[in-house]
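Please look over the sequence and the model shown here before reading on. The paragraphs below then go through the chains and the places where they meet.

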Amino acid sequence: MVEQKLHAILITGRTIDQGVGKEMGKGSKEYFDSSALCFIDESDMKKLGIKSRSNVKVTSKYGSVIVKAAKNPYGSDPGLIFIPCGLWANAICGDETFGMGMPLFKGFQVEVEPAPNQAILTLDELLKEEYGR
Amino acid sequence: MTEVIKSVVCPICGCLCDDIEVTVENNEIVKMKNGCSVCEAKMVHGYKSDERILKPMIRKDGELVPVSMDEAVHKAAQILTDAKYPLLFGWSSSTCEAQRIGVELAEELGSALDNCCSVCHGPSVMATQEIGIPSCTLGQIRHRADLIIYWACNPWTSHPRHLERYTSFTDGRFEGSEWKSYLEKLKGTQSKKKVEAASRRIIGGYEPAPPPQAYTVDAPPQTMQKAGRKLIVVDVRKTMTAEAADYFIQVQPNKDYEILDALRCLVVDQELDVDKVGGVPVEYLQEVADEMVNCEFGVIFFGLGLTQSAGRFRNVEVAIALTRDLNRKTKFVISPMRGHFNVTGANTVFAWQTGYPYAIDFSQGYPQYNPGEFTTIELLRRGDNDATLVISSDPGAHFPKPAMQNMMKHPLITINPDMNAISRLGDVVFPTQWCGIESEGTAYRMDHVPIMLRKVVEPPPGILDDEQLLKRILDEVRVIKAQNAEQEAKIEAVC
């Protein structure tokens with residue numbers, strides 16, 4: 001049965017493509033293609049009725065962002081999604097630090113839902129939307 | 001004219017690989033050898049991309065407008081002196097020489113001073129202050145370590161040459177490379193996939209046997225019984241590094257503390273009354289504990305999976321405590337996988353200059369240290385600072401949105417070579433030279449070994465390096481402060 005929303009735990013981190021993309025320039029196509037992504041387990045994609053390269057909306061209590069879904073390249077991690085470090089990941093990360101200076105980048109609850117008709121914002125569009133510049 | 005320059009240091013990650021060979025033609029790097037794909041992206045393409053900032057800019061009527069260096073320096077100094085409590089953040093991709101001027105500027109301004117470790121290995125620094133750290137240089141690990149553990153990190157993507165230069169895939173004096181054994185394993189996996197694909201084609205609808213659920217005590221993975229260096233990876237998800245491992249333990253998110261504590265019990269021969277810890281059967285942990293105790297020289301490299309998940313610095317503290325326990329039975333060291341190429345340098349320079357490695361406050365005229373109070377995210381959350389200077393980092397792309405939204409309420413000065421996210425948001429935007437490509441200086445490798453970055457090409461005309469630029473801003477700040485003091489004295493005299 002296709003579900004409307006997937007409850008998952010978000011991990012953000014580095015990928016080699018995101019590393020290459022950030023060094024090519026934050027406005028580069030390589031950065032956009034490698035960072036506006038969300039790696040989801042194949043079984044979870046089936047549950048949501050989506051395929052690789054389709055757009056999804058990821059929502060946390062701090063915000064939401066549209067990114068492209070991609071199949072988890074290694075192993076099976078149902079219930080766990082991974083978004084590479086970058087502006088798109090940080091749109092849904094929290095600034096709570098529990099008194100230790102470190103914000104929430106890993107291991108918190110998010111919801112994933114298909115967003116076939118919503119566009120992924122580019123770096124400049126996202127900056128404009130979030131900070132008005 | 002073509003020139004090949006050898007032994008260039010890569011200014012990207014904490015590995016600081018110093019064997020890069022670049023070919024320079026007409027003051028432009030055209031080719032690179034020995035580096036990883038990220039190094040190539042920066043040193044051959046990224047440093048000269050269209051996003052390079054060539055002139056200082058000031059935001060006027062919402063648009064960034066090119067201005068002279070004098071005007072930009074004056075504007076930045078005016079913002080910093082007008083502010084009651086500015087924040088100076090970044091520093092991790094600058095040279096130690098520039099960081100030293102940064103401390104001087106912070107002291108002059110009575111500002112907050114913080115570096116990128118605040119949002120990466122800050123908890124590791126806190127844990128080290130709590131309990132100490134048994135560590136060594138990467139050279140020792142390369143030559144002697146026979147058990148490598150990567151915990152909550154994925155060096156294949158974040159430090160692409162770490163395995164190749166310092167751990168499993170390098171030929172040390174006493175320990176050999178496991179590269180061939182990895183290739184054979186890879187070949188075996190590929191052949192298995194090919195056989196399965198062929199069977200599917202021939203038989204149709206063939207379902208390959210499900211992979212074994214997990215290793216058991218009676219049948220530990222064959223690779224764990226091999227001679228030579230062993231590689232164990234512990235992470236919440238399977239990664240490329242985990243693929244290369246002899247043994248991979250998948251833990252539940254936010255459960256590292258429990259597992260590390262369980263391992264502490266197991267290495268001192270205590271029994272656990274539970275079947276699983278953090279989603280991992282105790283038998284698997286027993287195997288890891290056995291390997292740890294029986295190795296000659298082991299090392300734990302840990303990443304942001306420990307510092308950014310629940311428990312933060314307590315995770316690192318228990319990992320260090322485990323290493324301390326192991327040293328009663330064998331030789332073991334532990335090391336954080338530092339990210340930016342000179343974030344270790346930022347900690348070192350700040351500690352040398354102020355006594356504290358990060359999260360420093362100069363508002364009382366002397367340095368104070370309190371992570372959780374003076375760390376950047378807290379300052380932004382509370383809205384304490386009323387101006388920000390960001391140098392050689394990109395919080396625009398790496399800070400949570402709510403924190404950045406608070407930063408954007410006040411004037412923002414940025415110093416970066418290219419138009420990254422934070423430079424796009426700045427009110428005063430300075431260009432600077434690429435450290436390690438267009439300017440030289442000192443950087444500290446992740447194991448605290450200082451390495452001299454090299455200059456391989458000339459910078460575009462008129463662009464200063466971080467150190468020169470900060471000195472100009474500092475001088476201007478002093479001039480403005482002197483003028484302000486003079487004016488105040490005059491007013492007092494009149495009154």
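Helices (H or I, at least four residues) and strands (E, at least two) are DSSP runs, numbered from the N terminus. Residues are numbered from 1 along each chain as its sequence is written, while chains are lettered from A and ligands numbered from 1 in the order in which they are written. The model is predicted: local features need pLDDT of at least 70, side-chain atom pairs count only at pLDDT 80 or more, and totals for chains, interfaces and linings use all residues.

Begin with chain A. Its secondary structure comes to five helices and six strands, and from the N terminus on the order of elements is β-α-α-β-α-β-β-β-α-β-α. The C-alpha trace of chain A spans about 40 × 35 × 30 Å along its principal axes. The radius of gyration is taken over C-alpha atoms, and the globule rule for it is 2.2 Å times the number of residues to the power 0.38. For 133 residues a compact globule would have a value near 14 Å, and chain A has 14 Å, which agrees.

A residue is called buried if 20 or more other C-beta atoms lie within 10 Å of its own, exposed if 12 or fewer, and partly exposed in between, with C-beta atoms placed from the backbone. In chain A, 53% of the 133 residues count as buried. A:R53 counts as exposed because it has 10 C-beta neighbours inside 10 Å. A:R53 sits in the loop between α3 (42-48) and β3 (55-60) of chain A, and it has a positive phi of about 75 degrees although it is not a glycine.

Chain B has 19 helices and 21 strands. Its radius of gyration is 26 Å, close to the 23 Å that the globule rule gives for 495 residues, so chain B is as compact as a globular protein of that length. Buried residues make up 54% of the 495 residues in chain B.

One helix of chain B can be checked by its length. The expected span of a helix is 1.5 Å times one less than its number of residues. For the 12 residues of α14 (residues 343-354) of chain B this should give 16 Å, and the end C-alpha atoms are 16 Å apart, which agrees. Among the buried residues of α14(B) are B:V343, B:A346, B:V349 and B:F350. Two residues are in contact if their C-beta atoms, placed from the backbone, lie within 7 Å. What covers the buried residues of α14(B) includes α3 (96-109), α4 (122-131) and β20 (441-444) of chain B. Just after α14(B), B:G355 takes a positive phi of about 100 degrees.

How many residues does each chain bring to the contact? Chain B gives 57 and chain A gives 42. Within it, helix α1 (residues 16-24) of chain A and helix α1 (residues 37-45) of chain B pack at an angle of about 10 degrees, with their axes 8 Å apart. Axes are lines fitted to C-alpha atoms, for helices over the stretch in contact, and angles run from 0 to 180 degrees between N-to-C directions. Angles under 35 degrees count as roughly parallel, over 145 as roughly antiparallel, 65 to 115 as roughly perpendicular and the rest as oblique. The two helices, α1(A) and α1(B), are therefore roughly parallel to each other. Residues of α1(A) including A:I16 and A:V20 meet residues of α1(B) including B:V38 and B:A41.
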